[in-house]
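Subject: Structure for you to look at

Hello,

Here is the structure you will be working with. Please open it first, then read the notes that follow.

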Amino acid sequence: MTNYIYIAIMIIVTFLIRFLPIALVRKQIKNVYIRSFLYYVPYITLAVMIFPAIIDATNTPIAGALALVAGILAAWFGVNMFGTATICCIIVFVIELVIK
């Protein structure tokens, strides 16, 4: 029975998150601060989910942290997504070989 209550709460919360902005905001948002906040919300949410997983996905957190730094540097210098992912995977592979 409690599973149905949890599912009902989840349905209500999901519905409200999607419905309230449509119901409450009728005009275009012109406030610069709110627009910039709403622009960056998807990136912040993605970062909050991905960054801890990068460290925890490897056998040693050091390998994940070094791959994260290398990935940031590779992206900063304009390496494409495939190249950045390849560099990060190679770094994790080599560091975990050296540590074990």
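Beyond its neighbours within four places in sequence, A63 is in contact with T58, V92, I95 and E96. Please keep in mind that this is a predicted model.

A63 also belongs to the largest nonpolar core, which has five residues in all: A63, A67, C88, V92 and I95. Two elements, helix 3 and helix 4, each give two or more residues to this core. Helix 4 provides the largest share, with three residues.

L66 lies in helix 3. Leaving out residues up to four places away in sequence, L66 touches I91 and I95. L66 and C88 are 22 residues apart in sequence, and their C-alpha atoms are 8.3 Å apart in space.

Next, the largest pocket. Its volume is about 450 Å³. The lining has 18 residues, and I50, F51, I54, G71 and T84 are the closest to the centre of the pocket. Helix 2 (32-56), helix 3 (61-76) and helix 4 (81-99) each contribute at least two residues to the lining. By type, the lining holds 15 nonpolar residues, three polar ones and no charged ones.

T84, one of the residues closest to the pocket centre, is found in helix 4. T84 counts as buried because its relative accessible area is 14%, and the limit for that class is under 20%. Not counting residues up to four places away in sequence, T84 touches G71, A74, A75 and V79. G71 is also among the residues closest to the centre of the pocket.

Last, the confidence of the prediction. The protein chain has an average pLDDT of 91, and 100% of the residues score at least 70. Confidence is lowest in helix 2, with a mean of 88, and highest in helix 4, with a mean of 95. Where pLDDT is low, predicted coordinates should not be read in detail.

Regards

How values were computed
Residues are numbered from 1 along each chain as its sequence is written. This is a predicted model: local features need pLDDT of at least 70, side-chain atom pairs count only at pLDDT 80 or more; totals for chains, interfaces and linings use all residues. Side-chain values use heavy atoms; hydrogens and water are left out. On a 1 Å grid over the protein atoms alone, a cavity is a set of points where a 1.4 Å probe fits but cannot get out, and a pocket is an open set with protein on both sides within 12 Å along at least five of seven lines; lining residues have an atom within 4 Å of a point. Grid points are joined across faces, edges and corners, and a volume is the space filled by probe spheres set on the points. Helices (H or I, at least four residues) and strands (E, at least two) are DSSP runs, numbered from the N terminus. Ala, Val, Leu, Ile, Met, Phe, Trp, Tyr, Cys and Pro count as nonpolar, Asp, Glu, Lys and Arg as charged, and the others, Gly among them, as polar. A nonpolar core is a set of buried Ala, Val, Leu, Ile, Met, Phe, Trp, Tyr and Cys residues joined through side-chain atoms within 4.5 Å. Buried means under 20% relative accessible area, exposed over 50%, partly exposed in between (1.4 Å probe, protein chains only). Contact means heavy atoms within 4.5 Å. pLDDT is the predictor's confidence in each residue, from 0 to 100.
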